[in-house]
Amino acid sequence: MGLFLGLMANRPDCLRAALERHGALFERASASKMSAWGLAFYQGGEVLHKKQPFPRDEPFQWQAFLGNLASECVVLHGRQATVGTFRLENTHPFRFRSWTMAHVGTLANFAARRPALAESLPDFLRRNMRGDTDSELLFHLFLAELHEVGQLEAMDAPQQAVVESLRRVVEKIGAMDRDEAQSSVLSCVLTNGRQMYALARGTSLYFRSHRASASETAADSDPSLCRYVLLYTDLGGSEGLRDFESVEEGQVLLIDRSLETHLLPLSR
């Protein structure tokens, strides 16, 4: 299972402002029982990673892990392994070209399903997989759908194409779930550094937009005042998330380049 946080901001140094304003949320993450951590962030249009793939005895030190990071787009993931061993290749977020993804959940009966799901991928995507988790395969199923509609290389993929690709993946997994005692949990966050999408599917998902208040605007007329959207999910309920809005089951949250949020239905 696990947890993830996503941040989209109007300038790279806003991550530090978010950490200060929402420190309790990050403390909640660090107090969780996650055993491996990963970070994806964008700088100069490139996806960069920092990962701690192995369990450690001491509590997770998120401040030291993030360090002096500055980025307008960040995804942080904590992993409690249910599928796959603890190693670098199994540590979220996963990356392919400009896209990166983190997942909270498990695909039901994955061991039996994996061969058929992997076989459905185009060769170039199947060769790109390095680990043995259901989450990495889920990511590549999404990439395959985006490739199918000709948007895998698009710098600004149309939201309809991204949501439709997610919908098709969820439908494919859902069809397999019909014969299972439990449904797959598919909550995930996806970004290409310019847009961020988060799917609520089996866990609660929350987000918070921060914009300059009237007093902040009066004190500083700089139009580049910190603005950001922070999103979060785990399996621990809504404690500490009182000021956050929720994403309903089956909805997709889109954060666009202007930091506007849109709640989109996954179903047609």
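Okay, let's start with the lining of the largest pocket: by class, eight residues are nonpolar, nine polar and six charged. For the classes, Ala, Val, Leu, Ile, Met, Phe, Trp, Tyr, Cys and Pro count as nonpolar, Asp, Glu, Lys and Arg as charged, and the others, Gly among them, as polar.

Quick caveats. This is a predicted model, where local features need pLDDT of at least 70 and side-chain atom pairs pLDDT 80 or more, while totals for chains, interfaces and linings use all residues. Numbering runs from 1 along each chain as its sequence is written, and side-chain values use heavy atoms, with hydrogens and water left out.

Back to that pocket. A pocket here is an open set of points on a 1 Å grid over the protein atoms alone, where a 1.4 Å probe fits, with protein on both sides within 12 Å along at least five of seven lines; lining residues have an atom within 4 Å of a point. The largest one has a volume of about 480 Å³, volume being the space filled by probe spheres set on the points, which are joined across faces, edges and corners. Of its 23 lining residues, Tyr 42, Gly 45, Asn 192, Gly 193 and Arg 194 lie nearest the centre.

The second largest pocket holds about 180 Å³. His 49, Lys 51, Glu 89, Arg 95 and Glu 136 are among the residues lining it. Strands S3 (46-52) and S5 (94-96) and helix H6 (134-148) each supply at least two lining residues; helices (H or I, at least four residues) and strands (E, at least two) are DSSP runs, numbered from the N terminus.

Why call H6 largely enclosed by the rest of the structure? Because 13 of its 15 residues are buried, that is, under 20% relative accessible area with a 1.4 Å probe, protein chains only. H6 reaches 21 Å from first C-alpha to last, close to the 21 Å expected at 1.5 Å a residue, taking 1.5 Å times one less than the number of residues. Just after H6, Gly 150 has a positive phi of about 75 degrees.

Terms used:
Buried means under 20% relative accessible area, exposed over 50%, partly exposed in between (1.4 Å probe, protein chains only).
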